[in-house]
Amino acid sequence: MNAGSFVLNILILGVPFSVALLLAALGETINQRAGIFNLGCEGIMAMGAFVAFLPPFFMAGTPQAPFANLIGLVLAIVVGALLGILFALVVVTFRAPQGIAGIGLQMLGWGVAGTLFRHYVGGVTGVAGIAAFPIPGLSRIPVLGQILFNHNPLVYLAFLLVPVFWYVLFKTPWGLKVRAVGTYPRAADSLGIPVARVRYQALALGGAMAGLAGAYLSLAQAKMFADDLIAGRGFIAVALVYFGRWNPVGVMVGALLFSLAQALQLSIQVAGIDFPYEFAVMLPYVLVIVVLALVRKARMVGPTELGKPFDREQRV
Amino acid sequence: MGHEPIRSLELRGITKRFPGILACDHIDLSVGEHSVRALVGENGAGKTTLMNILMGLYQPDEGRILLNGSEVRFRSPNDAFDHGIGMVHQHFMLVQNMTVAENVALGMKSSHRPFRLDIGAVRKRILEVSERHDLPVNPDALVWQLSVGEQQRVELVKTLCLGARFLILDEPTSALTPQETDELIALLSKMSSELSIVFISHKLHEVKALSDTVSILRRGRIVFEGRTEDQTPADLAALMTGHDVELPRVDSGGAERPVGTGMLSIRELCVKGDRGNLALDGVTLDIAPGEIVGLAGVSGNGQREFAEALNGLRGVDSGSILLDGAQIAGRCAGAVIGEGMGYIPEDRNTEGIVPSFSVRENLVLKDIGGEPWSKAGFLRLGAIADNANDLKERFDIRCPTTDTAAGSLSGGNIQKVILARELARGPKALVAVYPTRGLDMGAEEFIHKQLLARRSEGVAILLISEELEEIMNLSDRIAVIYKGKILKVVPGKDASKRSLGLLMAGVVDE
Ligand SMILES: Nc1ncnc2c1ncn2[C@@H]1O[C@H](COP(=O)(O)OP(=O)(O)O)[C@@H](O)[C@H]1O
Ligand SMILES: [Mg+2]
């Protein structure tokens, strides 16, 4: 294998790897912009992956089978949004500490998805999943076409959502409210913005995105479900939001960087390069830690009230 | 949006309770058209609470609000805006990492299109308002880049952009420099021909200059209501506190102190600011035991860096600081405290106390690790509680119990907690930074008396302030700081407002 095709291979692998991270991290960006970090992202992804997997699994061979993936995606989004709202109930309405509540949600989602899976499905089984959809014309461009335009539709969707989220956050009234309640809820409150409602909406959207991210893993990437399918991607997504400084574009760069490192790691193994396997696997994670340590404090960029509950009559 | 003019606004029997506190006790208040009503009262009297009720931020436990004679209920600030009522809050309500226009847009619901924020319309409205009222602001500036005075202007513009014809101003001048304050007062008195204004302030000369009528609030009750011109500031102060207030003055007619015997002796001190600039440039100053030296200057000329360097909170580039002969320059805060330095910091909420700790914990914070507050690694809770009760009594700290979170107290009482802690330790020297900023006259009087009492006990005191009155009343000598340098040191009795004002602007007459 020559160096050129080695690099090309990493790029072709890396782009679809980044999608689950990107979808989840875009949702988490909205959460955190509204002042709430949802460590339960991982759990919501597990639930999303599981419920999305069910329709194709049970409907295989029936006349409705062509719609199974779509139903699965919608289910994942709805379940994700509901879990986001559940999280909002706990941390916004009851003002529970967000870190603890998030870990709870992570364990809940992971546990429930795993248990139901063993009960109703049993062993590991594959599904047909979402097929690749090369974009006519564009996918024929040499090199670039292979890297960018030869994937399943969710890949395109995820990258299209980057400018959409950017626009929503910075150019719409709702985005303005989200940023305000995450930075200075008291000011938003003094202008008649319903802080709790905006946070609920943000968490519902964030949950829906995490659910979709999970569905991507089970339907498009792995085409199966397993207990450890998510493998920490939910936590990486949370870290990517800090890395990307709460900006969808920065988050996308982070997701790509991380998944390229992962693709590199895989390629090293596949190519049989003499490099300790354990270190290769560690590579992307080490990268995240190093980058996070180097990212400068973004005091005047991000949501300064991140993690703090809001109570109008509380003075401290 | 109701465009009906506000001819009269009446509050009747408004009552609001917080846990353990009756913040508003059957308050009646009415304001007519085109008039300025001043609302004064000590810290914690209930002024902010009353105005938050009027804005729909708090719901009253009892009472009614009448607008032009008919009852209204405000469930959220939106209802108040709809009726043309707007408020500039005591603390800035500006999102720091957004632009001025975005901050205004947040409240301007007409700019909220379904899929688009019409920031152009907001910008236009801002420029209209700022032109009409002569309030220059740049709609595209980021709020955190603006000075305090500019932010205050933005608050005013924002409130006007939201259509306020009835303006509530909650201590708008407490964070401003004297010059900015004068400008604001002039502006408001011009605006009062078109608007109705409720003006809250502790500075009674501002009240005199601006308002037609005045209401005085004491511990949640209206104790006086009348025309401003019939009252002198001293009358108002007495009504506010319930006793005659007379700000004490230093008596420094005594012998000149020999130079060079400073308790606190600062030599050629150079200190860097946050941006790496030279914030203090060769400052030399001696403070004798039992002497108060006032440091006058427009804020931002190195005062903060000076105070921090003296207290071990900021590194020292060069120069020396001797406290009773011991070198403290560049040493850590703990060591400086150990040498007997007391500190009343500029920002009482973030530097002076731990807001979520109780009053009694805050009172022993500086010595918590040693006798008598702890023993063998355990806190001696009894001793800590006794200490708190004793200091609460001596320093007249008003709090429900000493177990209350210190951050929930009013500004004046937080300052008393800090003062009590610092003075009870028996310091050799004390650095007091803007010690009465934002406080009412009763609290100011108390703090001034305490400073003078320590002076007569032999404490060397550095008083940093922008209030010339305060500096001239208390200081044996006055040093004027400008761009990190001490321009001149004059005896307190020779100083005049005019000469100090010129020095503060950097003009040295020779
Ligand atoms: N949200 C709150 N929770 C509990 N106590 C409060 C709250 N807001 C105000 N208070 C108390 O009510 C009283 C009046 O406070 P406030 O209206 O802020 O006074 P002022 O504005 O006159 O200084 C004070 O004793 C204060 O401690
Ligand atoms: Mg107040």
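Rings of Phe, Tyr and Trp, the last taken by its six-membered ring, form an aromatic pair if their centres lie within 6.5 Å. By this criterion, a search of the whole structure, which is a predicted model, gives eleven aromatic pairs over all chains.

**Aromatic pairs**

A pair of aromatic rings is described by the distance of the centres and the angle of the planes. One of the pairs is formed by A:W166 and A:F170, with 5.7 Å from centre to centre and 45° between the planes, and it is tilted. Planes under 30 degrees apart would count as stacked and planes over 60 as edge-to-face, so the angle of 45° falls into the remaining class. Both residues belong to helix α6 (residues 153-171) of chain A; because A:W166 and A:F170 are four residues apart there, about one helical turn separates them. A:W166 has 33% relative accessibility and therefore counts as partly exposed.

B:F18 and B:Y58 make an edge-to-face pair, with centres 5.5 Å apart and planes at 75°. B:F18 is part of strand β1 (residues 8-18) of chain B, whereas B:Y58 is in the loop between α1 and β4 (62-67) of chain B, so the pair ties together parts that are 40 residues apart in sequence. The relative accessible area of B:Y58 is 8%, which means that B:Y58 is buried.

In chain A, one aromatic cluster consists of A:F50, A:F53, A:F57, A:F58, A:F117 and A:F225.

**Charges over rings**

In chain B, B:K416 lies over the face of B:F446, 5.2 Å from the ring centre. B:R437 is placed over the face of B:Y434, at 4.1 Å from the ring centre.

**Ligand 1**

Ligand 1 is surrounded by residues from chains A and B, so the site is shared between chains. There are 15 residues around the ligand, and those that come nearest are A:E313, B:G44, B:K47, B:T48 and B:T49.

| Residue | Protein atom | Ligand 1 atom | Distance |
|---|---|---|---|
| A:E313 | polar backbone atom | nitrogen | 2.5 Å |
| B:T48 | side-chain N or O atom | oxygen | 2.6 Å |
| B:T49 | polar side-chain atom | oxygen | 2.5 Å |

On its own, ligand 1 has 560 Å² of accessible area, and the protein covers 87% of this. The most comes from α1(B), which gives three residues. By residue class, the shell around ligand 1 holds five nonpolar, six polar and four charged residues.

Note on methods. Residues are numbered from 1 along each chain as its sequence is written. Chains are lettered from A and ligands numbered from 1 in the order in which they are written. This is a predicted model: local features need pLDDT of at least 70, side-chain atom pairs count only at pLDDT 80 or more; totals for chains, interfaces and linings use all residues. Side-chain values use heavy atoms; hydrogens and water are left out. A residue is near a molecule or strand if one of its heavy atoms lies within 4 Å of it. A polar contact is a pair of N or O atoms within 3.5 Å; within protein, one must be able to donate a hydrogen and the other to accept it, and residues adjacent in sequence count only if both atoms are side-chain atoms. Accessible areas come from the Shrake-Rupley method with a 1.4 Å probe; for residues, only the protein chains shown count as cover. Helices (H or I, at least four residues) and strands (E, at least two) are DSSP runs, numbered from the N terminus. Ala, Val, Leu, Ile, Met, Phe, Trp, Tyr, Cys and Pro count as nonpolar, Asp, Glu, Lys and Arg as charged, and the others, Gly among them, as polar. Buried means under 20% relative accessible area, exposed over 50%, partly exposed in between (1.4 Å probe, protein chains only). A charge sits over a ring if NZ of Lys or CZ of Arg is within 6 Å of the ring centre and within 35 degrees of the ring normal.
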